[in-house]
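I opened this notebook to record what I looked up in a structure that was new to me. The entries are kept brief.

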Amino acid sequence: MGLANMKSVLIPAMKGGYAVPAFNVCNLEYIKIVIQTAQRLHSPVIIALHPVEIEYAGLEEISNMVRIAAQNADIPVVLHLDHGDTYERAARCIVNGFTSVMYDGSHIPFNENVRTTAQVVKLAHSVNVSVEAELGLVGGAEGSKYAHNHGLDATQLTSPSEVVEFVDRTDIDSLAVAIGSAHGLYTGEPHIDIERLKEIRRCTDIPLVLHGGSGLSDTIIRECIENGISKINIATELKIAYHQGMIHSVEKDSSEYDPRITFQYAMEEAAKLIESKINLFGSRDRV
């Protein structure tokens, strides 16, 4: 089927009341098991690459692996830049075949975020690439072990009053909202502001994105989807599943040195996690 524009999978999700999973990957095994599992379950899927993952795997190398795997699949597969930090990085990803890019200007002043996001949108839309942006601050940081959302106050979360202006001035295709979630493993019970999400949903008709999906309860996830979330990012839980599979391989036979064997255990555990998220998000049998 080939790579798909992210807008083409999120609009049906928004209208259909389900969410498309975005799984962060960093190597061939991750790519294969995410796409194979999504295909088996007839689910659209988003392959997400954070800058640290791109730097680990190599931009050309990993984008080509995703592209080839997508060509051999019969489901929509989106290749997405997660938390792009500069216009230049977004441009490099577009040149290398990404069908969706995120520019994350949540850490800079509002008008500066608008200005750079709009520049990314202008470039991306000229070649049919979707753009996700972030308004407000999602806790934690990529590469850190623990998520700290308890330090966020209302001024750091997405302001519904700013959403309309931000969307109008940037023409983005999807918006990552800060409603109390955080990246990494939660150190306590996360406080997800559903009322804020409802108000944001009333302010815009574009798909909304939830970052920091790992570790949230099924109840919270379902409530977020019911109130407008159409894409949910999963990174940490996938890493944990993969790691558990590697441990199981070593425990079963510590003398095994062939990575094709040990990676298979990791992929089997990852597949269980991927399937559980696809079922939870409601994207199964949507293709």
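**Entry 1. Basis of the model.** I note that this is a predicted model, in which local features need pLDDT of at least 70 and side-chain atom pairs count only at pLDDT 80 or more, while totals for chains, interfaces and linings use all residues. Residues are numbered from 1 along each chain as its sequence is written, and side-chain values use heavy atoms, with hydrogens and water left out.

**Entry 2. Two packed helices.** I looked up how helix 2 (residues 28-40) packs with helix 10 (residues 236-252), and found an angle of about 105 degrees and axes 12 Å apart. That makes helix 2 roughly perpendicular to helix 10 (angles under 35 degrees count as roughly parallel, over 145 as roughly antiparallel, 65 to 115 as roughly perpendicular and the rest as oblique). Axes are lines fitted to C-alpha atoms, for helices over the stretch in contact, and angles run from 0 to 180 degrees between N-to-C directions. Helices (H or I, at least four residues) and strands (E, at least two) are DSSP runs, numbered from the N terminus.

Which residues in helix 2 meet which in helix 10? I found Glu29, Tyr30 and Val34 on helix 2, and Leu238, Lys239 and Tyr242 on helix 10, where contact means heavy atoms within 4.5 Å. By class, the residues of this contact are four nonpolar, no polar and two charged (Ala, Val, Leu, Ile, Met, Phe, Trp, Tyr, Cys and Pro count as nonpolar, Asp, Glu, Lys and Arg as charged, and the others, Gly among them, as polar).

**Entry 3. Aromatic pairs.** How many aromatic pairs does a search of the whole structure find? I recorded two. Rings of Phe, Tyr and Trp (its six-membered ring) pair if their centres lie within 6.5 Å; planes under 30 degrees apart count as stacked, over 60 as edge-to-face and the rest as tilted.

The ring centres of Tyr30 and Tyr242 are 4.6 Å apart and the planes stand at 15 degrees, so this pair is stacked. Tyr30 in helix 2 and Tyr242 in helix 10 are 212 residues apart, and the pair links distant parts of the chain. Tyr30 is buried at 7% relative accessibility, and Tyr242 is buried at 8% (buried means under 20% relative accessible area, exposed over 50%, partly exposed in between, with a 1.4 Å probe and protein chains only).

Phe110 and Phe166 form a tilted pair, 6.0 Å centre to centre with 55 degrees between the planes. Phe110 lies in helix 6 (residues 110-125) and Phe166 in helix 7 (residues 160-170), so the pair ties together parts 56 residues apart in sequence. Phe110 counts as buried at 19%, and Phe166 is buried at 0%.

**Entry 4. Cysteines.** I counted zero disulfides, a disulfide being a pair of cysteine sulfur atoms within 2.5 Å. Cys93 is buried, at 1% relative accessibility.

**Entry 5. Single residues.** Most residues other than glycine have a negative phi. His42, not a glycine, has a positive phi of about 55 degrees; His42 lies in the loop between helix 2 and strand 2 (45-49) and is partly exposed at 39%. His83 also has a positive phi of about 55 degrees, but lies in strand 3 (residues 77-84) and is buried at 9%.
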